[in-house]
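Please read the following report alongside the sequence and the coordinates.

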Amino acid sequence: MKKTFLCLFIFCACFLYSQEGILNIKDKPNDDGSALILSWDTTQIQPANIIIERETPNGEFVKILKSEEITGSYEDGTNIDPKNIYTYRITAYNNIGEIIHISKSKAKTSAQWFDKDKISLLILASLITLAILYYIFSAKSGKELFIRKIGGLESMDESVGRATEMGRPILFIPGTLDLDDMQTIAGLTILRRLAQKAAEYDSKLIVPVCRSMVLSTAKEIVKEAYMKAGRPDAYDPDSVFYLTDDQFGYVAGVDGIIVREKPAANFFLGAFYAESLILAETGFSSGAIQTAGTAMPSQLPFFVVACDFTLIGEELFAASAYLSKDPHQLGSLKGQDFGKAIFVVILTIGIILEISGIHFLKDFLTIH
Amino acid sequence: MKRKLPLFITFTVGIILIISEFIPHKPFGQLSGELEIWFLIISGFAILLGQLSLFKVNILKIQFKQRDWQFYIITLLSFITMVTIGFLWGTGKSPGILGHGESISSVMGYKPFDYLFFNVYQHLQATMFSLLAFFIASAAYRAFIGRTLESNLLLIAAVLVMLGNTSLGVFLTSWLPNSLSFLHLPNVSEFIMTYPTTAGQRAIMIGAGLGIIGSSLRIILGIERSYLGGE
Amino acid sequence: MEQFFTILGTWLGALFTFAIFSFLYKDNPFYKTAEQIFVGLSAGYWFVYTIFFILIPNLYNPITQDFSANWIKLIPAVLGIMMLMRLIPKTEWVSRFPISIVIGTTSGVFFLRYLKSDVLNQLTATMINPFLSDNWVIIIGELMLIVGTICGVIYFYFSKKHEGALGVSAKIGIYFLMVSFGAAFGYTAMARISLLIGRLQFLLGDWLGIIHP
Amino acid sequence: MGKSKQIDRRWLFLLIFVGVALPLIFTIGLPIETSKNVQIVYDLVESMPKDSKALISFDYDPASMPELHPMAKALLKHCFDKDINVIFTALWPMGVQMAEDIISQLQDQYPNLQYGVDYVNLGFKAGGMITIQSMGKNFRKVFPEDTNGNKIDELPIMDGINNFNNINFVFSLSAGAPGIKEWVQISHDAYGRPTSGGCTGVSAPAMLPYVNEQKQLTGLLAGLKAAAEYENLLQAPGTATSGMDAQSMAHLIIIIFIIIGNINYWRNKKSDKKGDR
């Protein structure tokens with residue numbers, strides 16, 4: 001008797017549990033509380049299809065989804081606010097359209113203050129930030145930092161000198177993206193050195209740009225460089241000018257400038273797309289010494305092939321540190337190198353672990 | 001204030017955005033999206049600066065009768081035409097000041113702005129782009145010369161991939177037996193692209209990525225200030 | 001009449017195509033004309049584009065349709081106007097505020113975005129067990145991938161002289177970069193010739209009617 | 001040095017021009033072989049059950065038409081053959097016209113296609129990554145209506161589609177940014193949807209790292225060659241197939257010139273050495 005009772009109890013419990021388990025609502029983790037995750041499992045009742053509805057504040061139910069799948073899940077992110085309770089109803093139909101099951105389920109949304117999925121990102125970000133800060137401070141306190149030779153930059157003075165000798169201008173292109181790209185900013189930093197050199201040697205500088213914000217910044221940079229070189233009189237405000245925002249319209253214009261002004265030295269430093277090779281080949285045919293630099297992996301091959309000197313990827317960013325030898329910049333570069341060292345070490349450990357069949361590190365680092 | 005305040009703003013905005021990446025809670029989660037729309041709006045206004053510079057530079061060239069000054073009249077005329085018809089009748093489904101200009105579009109087949117876009121602008125753009133077919137040939141001819149080990153690697157990889165990428169490569173090595181199929185040119189090209197090329201690209205991405213991270217940090221901390229014009 | 005404009009359109013297209021191609025021979029008045037039309041037309045195009053597709057949908061529409069929910073968009077509008085203060089030399093410095101917001105935003109976003117997609121994701125993508133496959137070609141390939149990535153990263157190491165083991169690794173890194181550049185160049189050749197094919201399909205098909213796509 | 005050691009590059013330009021034009025007029029019909037990444041894309045589409053939903057984003061403009069248009073056409077043919085419902089979006093403003101152009105080309109072959117049932121064009125939305133992100137949250141907020149001004153609640157194809165969870169796969173035809181990279185980062189990395197793409201040949205090397213073990217990208221169609229291979233898999237030769245002959249010819253010319261360049265270099269080097277002696 002006791003046994004039968006127990007069996008009955010277990011049966012009931014299972015039944016109840018399974019009824020409960022047909023529709024499960026959970027708050028979506030690591031979000032701002034604007035989504036719920038609905039999952040359903042109708043293996044027990046095998047319906048032809050199900051409909052899930054959500055209760056509105058005035059008690060009506062509106063359809064959220066219809067599915068023919070036995071189990072599934074769905075993220076509901078429509079008009080959901082944090083810290084609210086939402087009620088859902090699942091209705092299951094058989095293949096002649098009769099209702100075979102109906103039940104409700106509810107859950108409360110909550111917003112999180114920390115995204116746990118991104119913990120590996122946070123650790124890596126902190127490590128690199130701390131390293132960069134540490135090396136900046138140690139450089140400032142007088143520790144000397146070494147920087148290896150960057151081939152593309154040795155030629156800068158020579159190019160400017162050649163332009164002066166030949167009495168031809170220098171062309172500088174800060175890429176074709178706007179000021180919100182770090183490559184443009186890196187290019188403009190080099191422009192400052194170049195403009196100063198050009199002012200000292202009294203060479204004409206031409207800077208056509210294709211973004212308005214770059215225009216105003218480049219103008220100011222060139223002006224200050226001339227002032228710093230003690231030649232404010234030599235500064236021509238129209239040496240920095242805007243052509244057009246259009247990629248190929250800009251290239252058509254710059255090509256025209258190259259064949260007509262015949263600059264002795266071309267500098268292409270910044271972010272480039274397909275225009276890279278058109279500029280570099282036209283520049284070559286006009287006989288200029290060409291220095292290019294970009295972090296766009298897809299355009300580097302063309303610069304490497306068609307230009308005399310190329311700053312590859314990070315070299316573009318290292319250039320300003322190299323040219324200025326400023327302790328801040330050198331320190332930051334050293335910090336980046338630390339980042340590379342961590343990268344190589346973690347990668348090696350990761351590969352060894354993967355080979356030994358331990359996937360912990362890779363899983364930890366993967367951001368979903 | 002003219003210098004310090006902008007640096008302070010950059011610092012604050014940058015830090016808030018970094019922190020907000022880790023905080024899904026409102027209002028942090030939506031911040032970067034909203035600020036990127038701000039950027040679009042600001043740059044929308046900034047485009048006027050460019051247009052005015054274009055005007056000024058060209059008018060000066062015409063005024064002082066610089067070499068080829070006649071051509072700069074064409075620049076100004078085409079600019080003014082495009083802007084005028086754009087504002088008058090709009091483009092695509094957006095109406096202009098005078099509405100959609102149905103009578104004109106029924107004659108021309110398009111709105112005037114779109115007509116110029118499709119029949120002039122688009123062809124200019126596509127042709128300028130296609131010049132690359134010629135330049136890639138001339139650059140290859142000039143530069144792919146096996147002087148050193150590095151240039152040999154460059155040359156060999158390029159030629160193998162070029163061959164493997166066309167029907168020519170299939171044709172040349174289709175006689176190879178199955179056991180040597182890895183030497184079949186399309187397979188060789190795919191191998192080079194999948195492994196060594198990916199390795200090279202990855203190295204560049206990682207280096208450049210760290211470069212960008214370093215620059216961003218320097219900007220946030222106010223060490224890198226060239227964007228404000230001065231040192 | 002519509003047919004006339006269609007034919008005129010095709011002829012205009014062909015004319016400008018040849019004007020740009022003529023640059024390959026040498027600089028000439030046809031190219032100069034096409035170039036200046038291109039610069040002017042495209043500047044005009046982007047100006048109109050900015051108004052219709054950026055300022056109207058992102059600023060004008062939200063503010064006029066639902067001011068109370070979108071009043072915050074007035075801030076970037078004011079910043080945009082501050083940007084224009086640059087036109088007057090005396091108020092030039094005002095434009096530094098919008099620029100500093102833009103740059104601050106980008107630096108913050110880029111800092112993490114690049115850390116995630118270009119560093120962390122590439123790190124996990126390279127964390128592979130190269131010996132999983134039973135195909136020796138794949139094993140060699142994956143070993144190359146690992147060695148190439150590590151040595152390539154070492155090439156970008158700036159704060160030490162490239163000597164000894166570091167020097168050898170950096171040298172191997174350069175070799176991988178060169179193979180990668182050569183391959184990317186060869187791969188792109190196809191893409192670039194496709195563009196010429198596109199142009200010739202227009203000239204031979206739409207314009208001359210010799211080929212029928 | 002004195003005399004010019006290189007052939008005037010304008011001869012090369014002329015040869016390339018003629019070498020591309022002739023095969024377009026007189027087709028040769030060289031063989032086409034399927035590469036792995038194309039096969040993966042084909043298999044992905046092939047594995048989709050009837051009435052699956054595909055989101056195809058047209059993220060290119062006329063400048064990249066020669067490469068991406070044939071690809072888009074082949075992919076759509078495959079989708080329509082498999083009765084997959086297609087939702088068009090565009091992250092580039094001109095993408096809307098690109099999608100419309102393809103549909104008008106396919107109308108003759110698929111006369112039974114019904115707008116709003118088999119396909120829908122939701123149009124262009126600016127904002128790139130942010131737009132995709134909000135689509136992941138709520139489709140209807142980003143696209144309350146389609147390009148023709150129909151409410152998407154009234155379109156049968158959009159029934160039950162609220163976010164990426166209801167999409168079977170995402171495909172971006174991309175000529176740059178915003179494009180495949182942004183889709184991968186959101187629709188795959190954040191929402192785990194199978195994401196694939198077609199790109200121009202030049203961006204392929206930068207995209208290939210995403211075709212990895214985690215399947216950030218499920219295969220990749222890169223350039224005209226991939227389009228020709230796809231046409232070949234569908235057994236429906238089109239513009240890409242005829243273009244491949246022209247490709248082979250142009251590549252052959254370039255390779256011959258590289259060989260000439262190297263022979264010249266070695267000859268000159270030899271004669272320079274002799275001169276030194």
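## Salt bridges within and between chains

D:Arg10 counts as partly exposed, because its relative accessibility is 31%. The model is a predicted one, and in it the side chain of D:Arg10 meets that of D:Asp8 in a salt bridge, with 3.2 Å from N to O. D:Asp8 is likewise classed as partly exposed, at 36% relative accessibility.

Over all chains, a search of the whole structure finds 28 salt bridges.

| Salt bridge | N to O distance |
|---|---|
| D:Arg10 and D:Asp8 | 3.2 Å |
| A:Arg148 and A:Glu315 | 3.4 Å |
| B:Lys56 and A:Asp238 | 3.8 Å |

What does the pair formed by A:Arg148 and A:Glu315 link? It links distant parts of the chain, since A:Arg148 sits in the loop between α2 and α3 (151–166) of chain A, while A:Glu315 belongs to helix α9 (residues 314–324) of chain A, 167 residues apart. Both A:Arg148 and A:Glu315 are buried.

The side chains of B:Lys56 and A:Asp238 also meet in a salt bridge. This pair joins two chains, because B:Lys56 lies in helix α2 of chain B and A:Asp238 in the loop between α5 (212–228) and β10 (240–242) of chain A. B:Lys56 is partly exposed at 45% relative accessibility, and A:Asp238 is partly exposed with a relative accessible area of 25%. Elsewhere, a network of salt bridges links A:Asp115, A:Lys118, B:Glu21 and C:Lys116.

## The parallel sheet of chain A

Chain A contains an open sheet of six strands in the order β10-β9-β8-β11-β12-β13, with parallel pairing. Its edge strands are β10 and β13 (309–312) of chain A, each of which pairs on one side only. On average, and with direction ignored, neighbouring strands of this sheet are turned by 15 degrees against each other.

Within the sheet, strand β11 (residues 265–269) and strand β12 (residues 289–294) of chain A pair in the parallel sense over five bridges, and A:Asn266 has A:Gln290 in β12(A) as its bridge partner. Helix α7 (residues 275–285) of chain A lies across β11 and β12 of chain A and runs at about 165 degrees to β12(A).

## Where chains meet

Helix α1 (residues 4–22) of chain B has 19 residues and reaches 28 Å from its first C-alpha to its last, close to the 27 Å expected at 1.5 Å a residue. Its buried residues include B:Leu7, B:Ile9, B:Val13, B:Leu17 and B:Phe22. What do the buried residues of α1(B) pack against? Their partners are α2 (119–140) of chain A, α2 (28–63) and α8 (185–220) of chain B, and α5 (96–126) of chain C.

B:Ser53 lies in helix α2 of chain B and is buried, with a relative accessible area of 8%. Leaving aside neighbours within four places in sequence, B:Ser53 is in contact with A:Leu215, A:Phe241 and A:Tyr242. A polar atom of the B:Ser53 side chain lies 3.3 Å from the backbone nitrogen of A:Tyr242.

C:Leu87, in the loop between α4 (74–84) and α5 of chain C, is partly exposed with a relative accessible area of 47%. Not counting residues up to four places away in sequence, C:Leu87 touches B:Leu49 and B:Leu52.

Most residues other than glycine have a negative phi, and most peptide bonds are trans. The peptide bond from D:Ala177 to D:Pro178, however, is cis, with omega near -5 degrees; D:Pro178 is placed in the loop between β4 (169–174) and α7 (180–188) of chain D.

In chain A, A:Asp202 has a positive phi of about 65 degrees although it is not a glycine. A:Asp202 is found in the loop between α4 (182–201) and β9 (205–209) of chain A, and is exposed with a relative accessible area of 51%. A:Lys325, another residue other than glycine, has a positive phi near 55 degrees. A:Lys325 lies in the loop between α9 and α10 (327–355) of chain A and is partly exposed, with a relative accessible area of 47%.

Definitions and conventions
Residues numbered from 1 in each chain as written. Chains lettered and ligands numbered in written order. Predicted model: local features only at pLDDT ≥ 70, side-chain atom pairs only at ≥ 80, totals over all residues. Heavy atoms only, no water. Helix = DSSP H or I, 4+ residues; strand = E, 2+ residues; numbered from the N terminus. Expected span 1.5 Å × (residues − 1). Buried < 20%, exposed > 50% of the residue type's maximum accessible area, 1.4 Å probe, protein only. Contact = heavy atoms within 4.5 Å. Salt bridge = Lys/Arg side-chain N within 4 Å of Asp/Glu carboxyl O. Pairing = 2+ DSSP bridges. Axes fitted to C-alpha atoms, helices over the stretch in contact; angles between N-to-C directions. Polar contact = N/O pair within 3.5 Å; in protein donor to acceptor, adjacent residues only side chain to side chain.
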